[in-house]
Amino acid sequence: MSENNPSSSNTILRLQDVKKYFPVKRDLLQQIMRVGEQQYVHAVDGVSFEIEQGKVFGLVGESGSGKSTTGRVAVGLLEPTEGEVVFEDVHLNNLSGEELRKMRRYMQVIFQDPMASLNPRMSLGEGVGHGLKIHRLVNSQQEFRHRVSEIFEKVGLTPGDAYFDRYPHQISGGQRQRAVIARALVMQPKLILADEPIAMADVSVKAILLDLMVQLQREFGLTYLFITHDLATAKYICDRIAIMYLGEIIEVGDIKTVYTNPKHPYTEALLAAVPVPDPRFRRPAPMPRGEIPNAINPPSGCRFHPRCPMAQDVCKTEHPRLLGVPGQAGHMAACHFRTGDYIHLDPGPLINTNVAIAK
Amino acid sequence: MTLFQAVPDYSQVNKQEIILSIRDLSVEYQTRRGMLSAIDTLSLDLYRGEVLGLVGESGSGKSTLGKAIMRMIPSPGRITKGQLIFKNQDLMTYDENQMRDVRGRQISMIFQDPMTSLNPVQRIDNHIIEAIRVHEPDVSKDEALARSETLMERLGIGRRRLKEYPHQLSGGMRQRVMIGLALALKANIIIADEATTSLDVIVEAQFLDLLRELKDEFGLTILLVTHNIGIVAELADRVAVMYAGRLAEVANVDELFHNPKHPYTQGLLRSVPNIAMDSQDLYRMDGTPPNLVMPPSGCRFHPRCPHVMDVCHQKQPWLVRVDEIGEGDEQVGGYDKHLASCWLHQEYQGSTQARRY
C-alpha cells in the first residue's frame, strides 16, 4: 500500500511485509529419527496495510485465510516471523516484554466468545476493570468502581453500578458481549482489534451490538481493526477493507469501491456468494470450485489459481503482486489480468452482478 | 440409471399433498426452576416437494421442533401433547422399533456438525453402502458400491475420496456425504438443522446450489431450520417464523419478505445487514427472547413489541389467516395461506372467519 499511498501522518497502525509461520508438529518417528523436513503453516505470508486513525479497517476472509492471525500480530499478541508492525511510530518488534505490556493498554481486543473472555469467578466490574488495576490507572476502589460503572452505562448496561457486582453467568449473551466491549473501552484504547465480535450473537442482538460499536467508535474517535467472515457486516461498519486468501491480501480498498467494483476474481466470488435476505434477488452463478487449500504447501504462482475460473498458465507460475487498480486511488488487487502485466488479457468481470437484482 | 428410476415429477411443489402434519404439538423440559415450555401447541404442515424454512433465534424452539418430528427430544424434555401425522399415521403412536425405521430411512436429519453423524472409523463408501443395503437388503455389496460411486459422483465427491475416512474430508464434503446418505436411503423428508452454518460462504453457496438441484431432481421435501434469513430467502418456498416456542408467522417466501404481518418478523427482517443495499439503517429490536420457564402472558412477544396493546398482555393470539379469503377457500390450512398470530390483525382474530391453524 505504501507504494501508492506514502504513509500519511494520521496512520495509527502499519504492517509491513508481515509473515507468521507456525511449525507443523512432526510425528514421533520423525522426531526420533530426526528425519523429515520441518514444515510450516504459512498462516500469514507477506501482509502489508495501514490503518488511518479514527477509521474502521476490515479484514475479511474465509476460515484459514489468516485474518485472525494477522489481527493478533497487529496488536502484538503474536510475534511476526518476519516483517514490521508499527503502532504510532513505535516498532513493536523492538520492544521489550515490559514495554510491549505497557503498549497493550492502547490496543484492546474483543473476541468472539464473551463467555471465554470473562473470568467466571470475577464479578463483572472486577473483570471488566481488571486492566485499570494492572496498569495502575486508578488510585482507589471508589474511583475504580466509578470508572467501570461509567463505562457500563456507555455500552448500555444501565444502571452501571448494578452490573458491577453481577457475575458473567447471571446476564444474557448479548449483555456479556457488551461487557467485553466495555472491558476494551475502559482502557481508553487508541485501537481496538475486534475479531468476529458479533458472530455468536442472535440476529436481533447482532444488529444492536453492531450499532453500539459504530456509535462508540464515533463518540470516542476509536480505530477498529474489524475481522469478520461476514461481508454484509463488513459493509455496514468498515471504511476500508482488505480481502485475505491463504495468508495474503488479494484486494484492498475503500469499502464502496471494492463492493461495487471488485477486481480480484476471489473477491467477486465472495461477494456473489453472500446470501441476500430478499427472495427476489437471485445469486449469480457459478461459484468457484473446491475449497480453500491447506496453508502448509500453498499453491504456486497465484494461490487462488486452482479454483479460479479465469486462470491461465501464467497464474500457475508467476506470483501476482498487490498493485494499484488504474484510475482508482487506494484500490489495489493482486491479479495478473486485473492489475498486473497481463491486464490487456482481462476477460472482464466473471460474475455479472447486475443481473442479480431482478429475478 | 437404476438408482433413482421412476421418480415422479416432483419438481413442482404438490400443494395438495401434506406429507407431514404437525398438530398441536407441545414440548416441555423439566428444569430445576420449573417446567420450560419449549414448544407450545404448534401446528404446521409440510407439503410434498417444498422447502419450508423454519426461522428463529436461539431458544425459539426451531431445533427442538426438528428433533420432535424425529421423536428425538433428549431427556429431561418430552413431547407432552400433539400429533405428528406422517403418511396418514400418527408417529406419536409408534413404538421405538417403528420409530427407528422412520428415522433416517423416511425422515433424515442433517446437522450443523456432520462429524457427529458419521462414524469416524468407517470409510465413506461403507457409510453409503450400508445405507443402501438397509433400504434394499438383497442388493449385493458390489452393486451397492457401484451405486454409491454414481451417487457421490453426482454430489461432487470423486471415487478416490470414497476410500477415505470422515476426518480426511473438508466440512463441505462431509455435508455432501450426509446428503448422499439421505438420498441413498430415499428419505421422504430431509430436516436440515443449521446444515450450512459452519461452512464458509463460498462453500455454503455451492452447497445451496447443490441442494436446489437435488430438490428438483429427487423430489425432496426439505425442512430448512436456520437462523440465517439470507439462506431462507434463497432456498425456501415457504417460511415459518418461530418465536419463543410458537409460530409468529407462516407465508410463502415472497409474501413473508415483502409483506410481513407480524411485528417480530418485521423487526427481524430489518435487523439483518443486507449486502445488496446501498445504505442501511439497522433496526434495533429491544429486549431479548424471554425465559420460557416463565413465558410472558398473552402474546409472548409483547414485552418487545413496538405496537403492544392491552389485549396482548392478556390473551394469546391464534395463528390465523391474515390475507384475503377468497371464495371456495374455506378449508382449514392450505399451502398459499398467509398466517400470523398477532392482535394487530384483530379483525381476523375475532371474526368467525378466524380459524386456528
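Biologist: In strand β6 (residues 107-110) of chain B, which residues are buried on one side and which on the other?

Modeller: In this predicted model, both faces of β6(B) are covered, so the count of 20 or more other C-beta atoms within 10 Å that defines a buried residue is reached on either side. One side carries B:I107 and B:M109, and the other carries B:S108 and B:I110.

Biologist: Where in the open sheet of chain B does β6 stand, and how many partner strands does it have?

Modeller: The open sheet has 8 strands with mixed pairing, in the order β6-β7-β8-β3-β9-β10-β12-β11 of chain B. Because β6 and β11 (320-321) of chain B stand at the edges, one side of each is left without a neighbour in the sheet, and each has a single partner strand.

Biologist: Which residue of β7(B) stands opposite B:M109?

Modeller: β6(B) and strand β7 (residues 189-193) of chain B run parallel and are joined by 4 bridges. In that pairing, the residue of β7(B) opposite B:M109 is B:I191.

Biologist: Continuing across the sheet, what is the bridge partner of B:D193 in β8(B)?

Modeller: β7(B) pairs in the parallel sense with strand β8 (residues 221-226) of chain B, over 5 bridges. Within β8(B), the bridge partner of B:D193 is B:V225.

Biologist: Which helix packs on the sheet by touching β6 and β7 of chain B, and what angle does its direction make with that of β6(B)?

Modeller: The helix that touches both of these strands is α6 (residues 171-184) of chain B. Its direction and that of β6(B) make an angle of about 175 degrees.

Biologist: How many residues of helix α10 (residues 263-270) of chain B are buried, and what covers them?

Modeller: The helix is mostly covered, with 6 of its 8 residues buried, namely B:P263, B:Y264, B:T265, B:G267, B:L268 and B:L269. The cover includes α8 (229-235), β9 (238-243), β10 (246-252) and α9 (253-258) of chain B, together with α9 (203-220) of chain A.

Biologist: Which element gives the most to the side of chain A that touches chain B?

Modeller: The contact takes 34 residues from chain A and 37 residues from chain B. On the side of chain A, the elements giving two or more residues are α9, α10 (231-237) and α12 (265-273) of chain A. The most, 7 residues, comes from α9(A).

Biologist: Why does α3(B) count as roughly perpendicular to α4(B)?

Modeller: The axes of helix α3 (residues 124-135) and helix α4 (residues 141-154) of chain B come within 9 Å and cross at roughly 115 degrees. Because angles of 65 to 115 degrees count as roughly perpendicular, α3(B) is placed in that class relative to α4(B): roughly perpendicular.

Notes:
Residues numbered from 1 in each chain as written. Chains lettered and ligands numbered in written order. Predicted model: local features only at pLDDT ≥ 70, side-chain atom pairs only at ≥ 80, totals over all residues. Buried ≥ 20, exposed ≤ 12 C-beta atoms within 10 Å, placed from the backbone. Pairing = 2+ DSSP bridges. Contact = placed C-beta atoms within 7 Å. Axes fitted to C-alpha atoms, helices over the stretch in contact; angles between N-to-C directions. Parallel < 35°, antiparallel > 145°, perpendicular 65-115°, else oblique.
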